[in-house]
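Please read the following report alongside the sequence and the model.

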Amino acid sequence: MFFNVEKQLKSIKKQLNSSSDVATRVIQTASSQKVGMIFLRSMINSDLFLNGLCKPISESDERIDIEKLASSLVKTGDIKKIDEKQACDSVINGSVVIIIEGESKMLAVDLQKYPARLPAEPPTSSVIQGPREGFVEDVKTNITLLRRRFYTKDLTIKELRIGKFSQTKIVIAYIKGIADKKVVSEISTRLKQIEVDGVIDSQYIMQFLEKRPHSLFKQVGSIEKPDIVAAKMLEGRVAIIVDGSPIVLTLPFLFLEDVQSSDDYYNSHIYGGFIRVVRIIAVLIALLLPATYISLRIFHSNVTPIKFLVTITNTTKGLPFTPFFEMIFISLLFQILYEVSLRLPSYLGLATSVVGALILGDTGVKAGLISPPGVIIVALAKIALYTVPEQAYQLTILQYLFLFIGGSLGMLGIVGLVIYLITYMASIDSYGAPYLAPFAPRVEKDLKDAILISNTLDMKTRPQSFKNKNITRQK
Amino acid sequence: MKTISSRQTAVIAGILLFANKILVLPSLLYEHAKADSVFILAILLLAEFALLLIFFRLKRAYPKSSFYQIISQKMGVFAAKIIYFLIILYIFYKILLVYNISYVYFRVQVYLDASFYIFLLVFLLVCNSCVMRGLRPLARCAEFFFFFIIACVVFCLLLSIANFNKFPIFFDTAYSDFFLGGFKYLFCFGDVLLLFLLMHKIELDKKGERQVVRYLLVVSALIVILYIMFFSIFNHTSFVHKNALSDIITFSYRFTDLGRLDMVAIVTVMFLSLFQISIALYVFCECFTQIFPPLGKVYGLITFDLLFVGLTLISTLDYLQLTQLGTLVMPYFAIVLQYLLPLVCLFFTLGGRHEKNRN
């Protein structure tokens, strides 16, 4: 069946609900042949449309057929021959669909263009040394950022669409020959099973990929920098890029990953190991310090060192609140200030910090509502949380949980909660990788890059905490 | 079936070896055998290693079978059920003892005016949740903290050097007292028995066996050193000090400026007692499901909880009364279950066709 240009354009436009940004154009060539075009005005590159598409068509003085036109369009993007049924999807994806009078097939010419920002250093993963590029919202740019790091045919990119309405482009990237096939196929199966209205950000699909979606603990890696994703892919992990999100997901995920930073590898390995130890101490301070302090005050004043006890007694004399309520009050105050400073414009953020930290804290102490040790302990614990920013939200919840348990059950409760949490974490499995590896179970070879970092020359094998096709990293 | 690695087996065996031995036992033994208690300890620890060797042999002979399957196959189902019932009673007593020792210890050391229910709540919640998660997560958790626990014990021992007085006088006890002391407190030893009951969930090769022995050697050495330090520091007043690990550092004026360093011992005991009870409770549930196959782990837990809560609430037994009660009956249980039963199992591996040969 040969096309009637006007009729076809009308039919496709109708299928697109006659949206106001759907544009049609009919060009009559020098040989009086009609060529129709339909596209989304908001999704195409108009310069390219006029100069690369309209101009050669209108200037053609001989009869155009689909093959000839496809080979003459040199300035445009991908060109595909499509049938009537695919026309709508092509338009939605930013292609210009060309209907040529007397032809039975259509041409979809990719002229997609939309506003996108350039790669910049992500605010949560800034480094002193090392690459500063960060992922952006555009999936094509993100793939390019990865491709630039792997000039090999083994870098495999698989694409699929998820979302009933959003039809978001999801890309699975891995290195063939390193990533385990079973892991790749399990991830891809799980992704294909997702049935949602739309995927606006990578976080939307995160819970679908988690083995325990109701857990407090993060089970999928979320990374904003291509160098980190590349390093993880070289270890055998699989990356998932979601169109519209600057955060790339990686699997399998171990709890330890967020304690590691790319900075650790760009400095001396000795310093890198030292900083990791500091980070782990900070996490322990963040979780346990307020809870221990409160349990010492409520339950175990007899084991508190005398000098410390005297200081605390002097500074907490006459406080109207119970120790537990005092700590909760200061913690909530800090949390509110954090939320406010996050939402307010940056020029007001500083003022809020000053008002919050100095005026509220200082006045609270002077007014006898809160004690200086309480303020110091909460402030230290809250700041320490952000040494591992990727886990800050989970750690915040745990901090309150520990505070509550420390205040109601004392040290034994804290130890009990620690055992409960570690047992729980030890039961989590991330695509064949034990969540607490390489500590529980102990994977001797992976300890080289767990807390202390070995010299790069000594790291001859890939991590064995999760499945890898090829264990040898260097010879 | 989810199994545990040889390292995790070693860790579990190590934690069980500490059970009941680092707080009250030194002073109780001292009442009978004075400083010669160290020899009682050494002999009974050697017996643990002998049990361990029997365990390895049995495991090699029956790599896939459970202990219940072995004894029911060799002795009959009825005898196996009776033996398992006795084991359940024995384990229950041991859990009760560990709980009571820990309870009194925490009450004296850190919880001066806390409610009794706090302890019950924490122990039951943590141990029940650990058992529900399964042996593998529990073993991994123990593995995670094992070196921390060992480091804490070593730290306490190092600090105690400052209080070292003089070596205790050895060979100062009559044979009768020596053997009576050893016999009375037999039930504080022999926790390797629990490995027999978990054997079908353990993966063990030659290298793994050596690893288990290595770990147990380290733990045994630490316990022996603790006893020697304890008797050296307190000498004739040793029988008064019921919290050995804590007391060896608490009674030091040299460390008061640094603060209460016995917190290290307290936290260590917290970890150890929670792990010991969780592991024993897991084995309790395993035995329960063997006796009553249609009932699952949950029923085992419910039974334990009801019995445990009932007994701890109704009875006014403290650990000393429990120990005294134990010294009357439990040594016989210990001889039969901890020593005779493994010896009979050793006999099974010597004669007849076993699983390995059949394969």
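Ile240(A) stands opposite Leu249(A), a residue of E10(A), where strands are DSSP runs of E of at least two residues and helices are DSSP runs of H or I of at least four, both numbered from the N terminus. Strand E9 (residues 238–242) of chain A and strand E10 (residues 248–251) of chain A run antiparallel and are joined by three bridges; two strands count as paired if DSSP finds at least two bridges between them. This is a predicted model, in which local features need pLDDT of at least 70, side-chain atom pairs count only at pLDDT 80 or more, and totals for chains, interfaces and linings use all residues. Residues are numbered from 1 along each chain as its sequence is written, while chains are lettered from A and ligands numbered from 1 in the order in which they are written.

These strands belong to an open sheet of five strands in chain A, with the order E6-E7-E9-E10-E8 and antiparallel pairing. Its edge strands, each pairing on one side only, are E6 (155–162) and E8 (221–223) of chain A.

| Helix of chain A | Strands of chain A touched | Direction |
|---|---|---|
| H5 (residues 139–147) | E6, E7 (168–175), E9 and E10 | about 10 degrees with E7(A) |
| H7 (residues 202–209) | E6, E8, E9 and E10 | about 15 degrees with E10(A) |

In chain B, helix H5 (residues 77–109) packs with helix H14 (residues 319–350) at an angle of about 145 degrees, the axes being 10 Å apart. The residues of this contact divide into 15 nonpolar, three polar and no charged, where Ala, Val, Leu, Ile, Met, Phe, Trp, Tyr, Cys and Pro count as nonpolar, Asp, Glu, Lys and Arg as charged, and the others, Gly among them, as polar.

Between the chains, 30 residues of chain B are in contact with 25 residues of chain A. On the side of chain B that touches chain A, H6(B) gives the most, with eight residues, and the residues of that side divide into 20 nonpolar, five polar and five charged.

As for confidence, the predictor gives the complex an ipTM of 0.93 and a pTM of 0.90. Chain B averages a pLDDT of 87, and 95% of the residues score at least 70, pLDDT being the predictor's confidence in each residue, from 0 to 100.

Methods. Two residues are in contact if their C-beta atoms, placed from the backbone, lie within 7 Å. Axes are lines fitted to C-alpha atoms, for helices over the stretch in contact, and angles run from 0 to 180 degrees between N-to-C directions.
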